Amino acid sequence: MRITEARVIVCSPGRNFVTLKIVTEDGVSGVGDATLNGRELAVAAYLREHVVPVLIGRDARNIEDMWQYLYKGAYWRRGPVTMSAVAAVDTALWDILGKVAGVPVYRLLGGRSREGVTVYGHASGSTSDALLSEISHYVRLGYRAVRVQSGVPGLPSVYGVSEGRAYEPASAAVPVESVWDTDRYLDHLPRVFADVRAEFGPGLKLLHDVHHRLTPIEAARLGKSLEPYALTWLEDPVPAELQEGFRLIRQHTTTPLAVGEVFNSIWDCRQLITEQLVDYIRATVVHAGGITHLRRIFDLAAIYHVRSGSHGATDLSPVCMAAALHVDVAIPNFGLQEYMPHSAETDAVFPHGYRFEGGYLHPGEVPGLGVDIDEELAGSYPYRAASLPVSRLTDGTLHSW
Ligand code: CS2
Ligand code: MG
């Protein structure tokens, strides 16, 4: 089953996406997501210039060999651009294999380990009232888990907080600059969670994303101060380049930790998993080398009692979401899946079979991944330059966004 064609499709139905479509000599096609928010064209060029030419003529069924060929064959291993490109090929080949076998991809991964994939939604508000009413909205829809992000008095804008619309941080071509104040944040957040628990009781799973903004000792203080509210996880408490930093957080708090949306290989996750410094590993299909490599990461995590919590922001396309759901439903150590519904334009460009029902997402039973790209419609949404914001402290010092 030789590959005869591979197309890289860049489109912007509300936001930018990069998609790879691979076609075999039998006319079977598969899709893979290659979107790297704010750096989309780097991955598109990597695919067009360096990957597509070597795909033609290769056997689409040898998924593991293809992965090794693209990973080892580049010599320059890892990194988000390379790994997103490898992921797109890998995902498309699993899609093709599922179609040829006539089964949904999760069957090829060992079959169903659960009925549905528990997801968490994003609630936010700049005031306590706005936040509580957003959380009620998710509870009414049947969500069992909600990520809680709050405005901070004295700060004009805060990561993850929007009023009445989906949060979309990549906007202007030149990064927007926001102001950050750690003291105000650390002082305010425990009060927010006290209000939320008082309103919703112990049953609802609550999460919070720090978005890489604290030092280890600040994160330790935050984790400790949130213990009475029993969070399911505290996400990205510190930038994870210095993984030893998590030892310090762990010494001080039992608040569970989740990390990994910016990781792209098992090597980024290794120390955190094997030292049991985190509870959830949040790598996902598109940035962590595809279904093949993500499965490898989750298998390592399973040995160490670490569960999955795949990143599922709207800057990952429905192709990535579909692929993540097949993995989620199959692995033994699934934890939670992030779910931010895409815009109507995005959903129209990427028709898909997965569906939300009562707090769960279901990958569907369509052979392959159950998702496609409408290339004609995609062509009516040309790429628009958009960057993620940067963050500065009140004195102007550049900080992690
Ligand atoms: C995030 C993202 O979903 C999350 O948990 O931290 O919103 C992240 O900021 C974006 O995916 C960046 O592209
Ligand atoms: Mg996050």
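This is a predicted model: local features need pLDDT of at least 70, side-chain atom pairs count only at pLDDT 80 or more; totals for chains, interfaces and linings use all residues.
Local features need pLDDT of at least 70 and side-chain atom pairs count only at pLDDT 80 or more, whereas totals for chains, interfaces and linings use all residues. Residues are numbered from 1 along each chain as its sequence is written, chains are lettered from A and ligands numbered from 1 in the order in which they are written, and side-chain values use heavy atoms, with hydrogens and water left out.

The magnesium ion (ligand 2) is held at 2.0 to 2.2 Å by Asp-209 (OD), Glu-235 (OE) and Glu-261 (OE). Donors here are N, O and S atoms within 2.8 Å of the metal (3.2 Å for Na, K and Ca), and since water is not among the atoms, sites may look incomplete. Along the chain, the donors of the magnesium ion follow the spacing D-x25-E-x25-E. Glu-235 belongs to strand β8 (residues 233–235) and Glu-261 to the loop between β9 (257–259) and α9 (266–274), so this pair ties together parts that are 26 residues apart in sequence. Helices (H or I, at least four residues) and strands (E, at least two) are DSSP runs, numbered from the N terminus. Glu-235 counts as buried because its relative accessibility is 0%, and Glu-261 is buried at 12%; buried means under 20% relative accessible area, exposed over 50%, and partly exposed in between (1.4 Å probe, protein chains only).

The next stop is ligand 1. It has 14 residues around it, of which Asn-37, His-211, Glu-235, Glu-261 and Glu-338 come nearest; a residue is near a molecule or strand if one of its heavy atoms lies within 4 Å of it. Polar contacts (pairs of N or O atoms within 3.5 Å; within protein, one must be able to donate a hydrogen and the other to accept it, and residues adjacent in sequence count only if both atoms are side-chain atoms) can also be listed. His-211 places a polar side-chain atom 2.8 Å from an oxygen atom of ligand 1. For Asp-209, the distance from a polar side-chain atom to an oxygen atom of ligand 1 is 3.0 Å, and an N or O atom in the side chain of Tyr-159 is 3.0 Å from an oxygen atom of this ligand.

On a 1 Å grid over the protein atoms alone, a cavity is a set of points where a 1.4 Å probe fits but cannot get out, and a pocket is an open set with protein on both sides within 12 Å along at least five of seven lines; lining residues have an atom within 4 Å of a point. The largest pocket has a volume of about 1,000 Å³. Its lining comprises 37 residues, and His-212, Glu-261, Val-262, Leu-388 and Trp-401 are the closest to its centre.

Three cavities of 30 Å³ or more are counted. A volume is the space filled by probe spheres set on the grid points, which are joined across faces, edges and corners. The largest cavity has a volume of about 40 Å³, and its lining includes Tyr-159, Asp-209 and His-211. The second largest cavity holds about 40 Å³ of space, with His-311, Cys-320 and Gln-337 among its lining residues. Helix α11 (residues 318–330) gives the most to this second lining, with three residues.
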